[in-house]
Amino acid sequence: MRRSAGVVFAWLFLLSLQAPCLGATLEDVVKKIQGLSPGPRKAALEEGARKEGEIVWYTSMSFTDYPKIVSAFEQAHPFLKVRANRLSQSTVFTKVDTEARAGHMIVDLIGSAPTEIWELKQKGYSAPYLSPELKAFPVGSYDPQGYWSSFEVTPIVVAFNTKLVPSDEMPRNYQELLQPKWKGKINLGSDEYAWFSVMLDGMGKTKGLEYMKALARQQLNIPGSSSIMRLQLMMAGESAIALAARGRRVVEYKEKGAPLDYRLFDPYPAEPNALVLMRRTVHPHAAILFIDWILSEEGQSVLAQQVPRLTLRKGVKQIPRHQELYRKDFVFVNPASIGPNLNELIASYQQIFNVR
C-alpha cells in the first residue's frame with residue numbers, strides 16, 4: 001500500500017509540473033484595481049497584460065473595419081496581440097454556447113448586438129465590469145450593472161428618394177406616414193425587430209401595435225432583410241420612402257451624390273454595438289485594458305476618424321457626414337427589453353406585416 005501511494009504521489013507531482021499555471025481570475029483583477037487612481041490602475045493592468053500576451057475577441061464588425069481597431073490598439077500596446085474572429089450576430093451566441101458546453105471557452109471579449117448581449121447575460125457567460133471611462137457616455141448606452149458597454153452605435157432613420165419626394169412634402173413624423181398618398185410607396189425590412197422594439201417601447205405596447213397595423217395597411221413593400229438593398233431599390237424608384245434605414249449608410253450615399261435624404265423621427269432608434277467581458281476570460285488584465293482603451297478618448301477617436309464609425313463618448317469629433325446624425329438624442333435598443341420579448345416581437349411583426 002505504501003509503495004502504491006508513493007507511486008500515485010509521484011505521478012500527481014509530475015502531472016502538476018506539466019499542467020499550465022493558471023493566472024489571475026477576473027475577480028482577482030477587478031479587486032486589485034478597484035480604488036486605484038488612473039496611473040497605478042493602468043500600470044497594474046499593463047503589468048498583468050504583458051504576462052498574458054493576447055486577447056481573443058469575437059466581433060460582428062466587418063472585415064474592413066475591425067482590423068483598423070486591432071491595429072491601433074496593438075500600436076498603443078505592442079506587448080499584446082489581439083486574436084479577432086469575425087462572426088455574424090446570429091452565430092456569436094451559438095459559438096460561445098458550444099465552446100462552453102465543450103468546456104473549452106477561449107474568448108475574452110464579445111462585441112455584438114442587444115439580443116446576443118442579453119442571451120450571454122442570461123446564460124451566465126458574461127461578467128459585470130464598469131469601466132471608469134463610462135462616465136463620459138450617455139445613459140442607456142451601457143448596462144448600469146456593467147454587463148455590456150456600447151462603443152459604437154447604428155442610428156436608424158427614415159430615408160426618402162429626393163426625385164420622388166420633394167423635401168417640403170416629406171412626412172415630419174411617423175403619423176404622417178399614414179396619409180393615403182403614401183400607400184404603396186414605403187418599404188420596410190423583413191426583420192427590423194430592433195426598430196420595432198424601440199417603437200413599441202416608445203409608443204406603449206397597445207398604441208404601438210395599433211400604429212403598426214395602420215402602417216401595414218399602407219401596403220408596404222417588404223423586399224427582404226438587407227437595409228442596403230432596400231436603399232438601392234428606393235433610389236432606383238421602386239419605393240419613395242425606406243423605413244428603418246441605417247443612418248451610416250444613408251449619409252455615405254448622400255455624400256456621394258445619390259438621390260436620397262433622410263429624417264429623424266421620434267422615437268429616434270439606435271442599435272448599440274457593445275462589448276461584453278466574459279466571466280471565464282483567461283486574459284483578464286488584457287481584456288479590461290482593451291475595454292478601457294476602446295471607450296477612452298483615444299480609442300473612440302480612432303473609431304470615429306479612422307474606421308470611421310459613430311461613437312458614443314461625449315466630446316469626440318465625428319467626420320462631417322456622421323455629425324448630422326447626432327442632431328437628436330438616440331433612443332437605444334434595450335437588451336433587457338428586446339431579449340426576453342424577442343419571440344413575441346418576431347411573431348407580432350410577421351403577423352402584422354404578413355412576413356413569411
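Biologist: Which residues line the largest cavity?

Modeller: In this predicted model, the largest cavity is lined by Ala-127, Tyr-129, Gly-146, Tyr-147, Trp-148, Ser-149, Leu-275, Val-276, Leu-277 and Ile-291. Strand 9 (residues 269–278) gives the largest share of that lining, three residues, and the space inside comes to about 50 Å³.

Biologist: How is the lining of the largest cavity divided among nonpolar, polar and charged residues?

Modeller: Eight of its residues are nonpolar, two are polar and none is charged. Gly counts as polar in this scheme, and Tyr and Trp as nonpolar.

Biologist: How do the linings of the pockets divide by class?

Modeller: The largest pocket, with about 1200 Å³ of space, has a lining of 13 nonpolar, 13 polar and 13 charged residues, and among its 39 lining residues Gln-89, Ala-113, Thr-154, Arg-246 and Glu-271 lie nearest its centre. The second largest pocket, with a volume of about 550 Å³, is lined by 22 residues, of which Arg-41, Leu-45, Tyr-129, Pro-132 and Asp-292 are the closest to its centre. Its lining has 12 nonpolar, five polar and five charged residues, and helix 3 (38–52) gives the most, with four residues.

Biologist: Why is the contact between Arg-309 and Asp-65 called a salt bridge?

Modeller: The N to O distance between their side chains is 2.8 Å, and a salt bridge asks for a side-chain nitrogen of Lys or Arg within 4 Å of a carboxyl oxygen of Asp or Glu, so the pair qualifies. The two residues are 244 residues apart in the chain, Arg-309 in the loop between helix 12 (297–306) and helix 13 (320–323), and Asp-65 in the loop between strand 1 (54–59) and helix 4 (66–76). Both Arg-309 and Asp-65 are buried.

Biologist: Why is Asp-97 called buried, and why is Arg-101 called exposed?

Modeller: Asp-97 has a relative accessible area of 12%, and buried means under 20%, so Asp-97 is buried. Arg-101 stands at 62%, and exposed means over 50%, so Arg-101 is exposed. The side chains of Asp-97 and Arg-101 meet in a salt bridge of 3.0 Å, N to O, and both residues lie in helix 5 (residues 89–101), four residues apart, about one turn of the helix.

Biologist: What makes Lys-205 and Glu-344 partly exposed?

Modeller: Lys-205 has 48% relative accessibility and Glu-344 has 40%; buried means under 20% and exposed over 50%, so both values fall in between. Lys-205 forms a salt bridge with Glu-344, with the closest N and O atoms 2.4 Å apart, and this pair links helix 8 (residues 205–216) to helix 15 (residues 342–352), 139 residues apart.

Biologist: Which residues of helix 10 (residues 247–255) are buried, and what do they pack against?

Modeller: The buried residues are Gly-247, Val-250, Val-251, Glu-252 and Tyr-253, and they pack against strand 5 (149–161), helix 9 (227–235), strand 7 (241–246), strand 8 (260–263) and helix 13. Just after helix 10, Gly-257 takes a positive phi of about 95 degrees.

Conventions:
Residues numbered from 1 in each chain as written. Predicted model: local features only at pLDDT ≥ 70, side-chain atom pairs only at ≥ 80, totals over all residues. Heavy atoms only, no water. Buried < 20%, exposed > 50% of the residue type's maximum accessible area, 1.4 Å probe, protein only. Contact = heavy atoms within 4.5 Å. 1 Å grid on protein atoms, 1.4 Å probe; cavity = no way out; pocket = protein on both sides within 12 Å on 5 of 7 lines; lining within 4 Å. Points joined across faces, edges and corners; volume = space filled by probe spheres on them.
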